[in-house]
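Please look at the sequence and the model below.

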Amino acid sequence: MDGHRTGHRAGGRGSGGGRLPSQALRTVAGNVRGLLDFDPALVHAIDAADPKVRRAVALLAARRACETAGLTALDWTAAGLTALAEGRPLPPPLDSPDGVWRALETDPRVSDRTVARAVAPKRSPFQPPVRDDVHAPVPKPEPTGQIVGPATAMVKLPGLPAPLTPQSVGERSYVVEVTIGEPDPSLRMSQPHMAVPALIGAAETDPLRAVLDAVYAAVATSGEDYRTLLQETWSACRERS
């Protein structure tokens, strides 16, 4: 579940949509940076909300993620959503990362839905004032090559270590995929695997971290349709506040 909780913290004015982050946003271990890229104003609205509102929005995000991924009909995800609504700890298998991944891999009822990567809107980068005595740095060209899929196990790229061979975990084999430059927008990801972190994140003991992690995971689950999820999150913040 740690793939979504990257531990990014809010930085200065350039990373907060022109607004300095609060002390809480600077110190929370949740995925502030990931959500800032999509809607800085929503991050600050969540920060200003009281703990009850944060819990309610986190639960909403977890529900929407599970609905989008087709997980609400499963007994163990339904039990997790019920536990969240009642303020109880998550039941097995949601109480441990190993148990969650095992359930996703072995439960034949888990849907095979996929989703394209959610791409944050383009924003103007921060430009410091230009002074005559300072030379603007020359941007480094972004690498353009991409290698994804099984071929990554057989290709040696300059400057990279020897390619990894498939690793067996139980009866399944996995290959590490290396992408150079921006991820290919045509790549699709498993929605159930994107959605479960929203459920796990919403159970965090810190309400601020819980809502940040749950909403960001729900954005990833929504993929290209993430704006609908953010609009509903905004509505919940306003109504409950």
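Which hand does the crossing of α7 and α8 have, left or right? The crossing is left-handed. This is a predicted model.

The axes of helix α7 and helix α8 come within 7 Å and cross at roughly 165 degrees. An angle over 145 degrees counts as roughly antiparallel, so α7 is roughly antiparallel to α8. The residues that make the contact are listed here.

| Helix | Residues in the helix | Residues in the contact |
|---|---|---|
| α7 | 191–202 | Gln191, Met194, Ala195, Pro197, Ala198, Gly201, Ala202 |
| α8 | 207–222 | Ala210, Asp213, Ala214, Ala217, Ala218, Ala220, Thr221 |

By class, this contact has 10 nonpolar, 3 polar and 1 charged residues.

**The nonpolar core**

In soluble globular proteins, nonpolar side chains tend to be buried together. In this model, the largest nonpolar core has 52 residues. Leu212, Val215, Val219 and Leu230 have the most contacts inside this core. The elements that give two or more residues to the core are α2, α3, α4, α5, α6, α7, α8 and α9. The largest share comes from α4, with 9 residues.

Val219 can also be followed through its own contacts. Leaving aside residues up to four places away in sequence, Val219 touches Leu35, Phe38, Ala118, Tyr226, Leu229 and Leu230.

**A cis peptide bond**

Between α5 and α6 there is a loop that contains Pro93. A cis peptide bond joins Pro92 and Pro93, and its omega is about 5 degrees.

Conventions
Residues numbered from 1 in each chain as written. Predicted model: local features only at pLDDT ≥ 70, side-chain atom pairs only at ≥ 80, totals over all residues. Heavy atoms only, no water. Axes fitted to C-alpha atoms, helices over the stretch in contact; angles between N-to-C directions. Helix = DSSP H or I, 4+ residues; strand = E, 2+ residues; numbered from the N terminus. Parallel < 35°, antiparallel > 145°, perpendicular 65-115°, else oblique. Left-handed = near helix turned anticlockwise from the far one by under 90°. Contact = heavy atoms within 4.5 Å. Nonpolar A, V, L, I, M, F, W, Y, C, P; charged D, E, K, R; others polar. Core = buried A, V, L, I, M, F, W, Y, C linked by side-chain atoms within 4.5 Å. Buried < 20%, exposed > 50% of the residue type's maximum accessible area, 1.4 Å probe, protein only.
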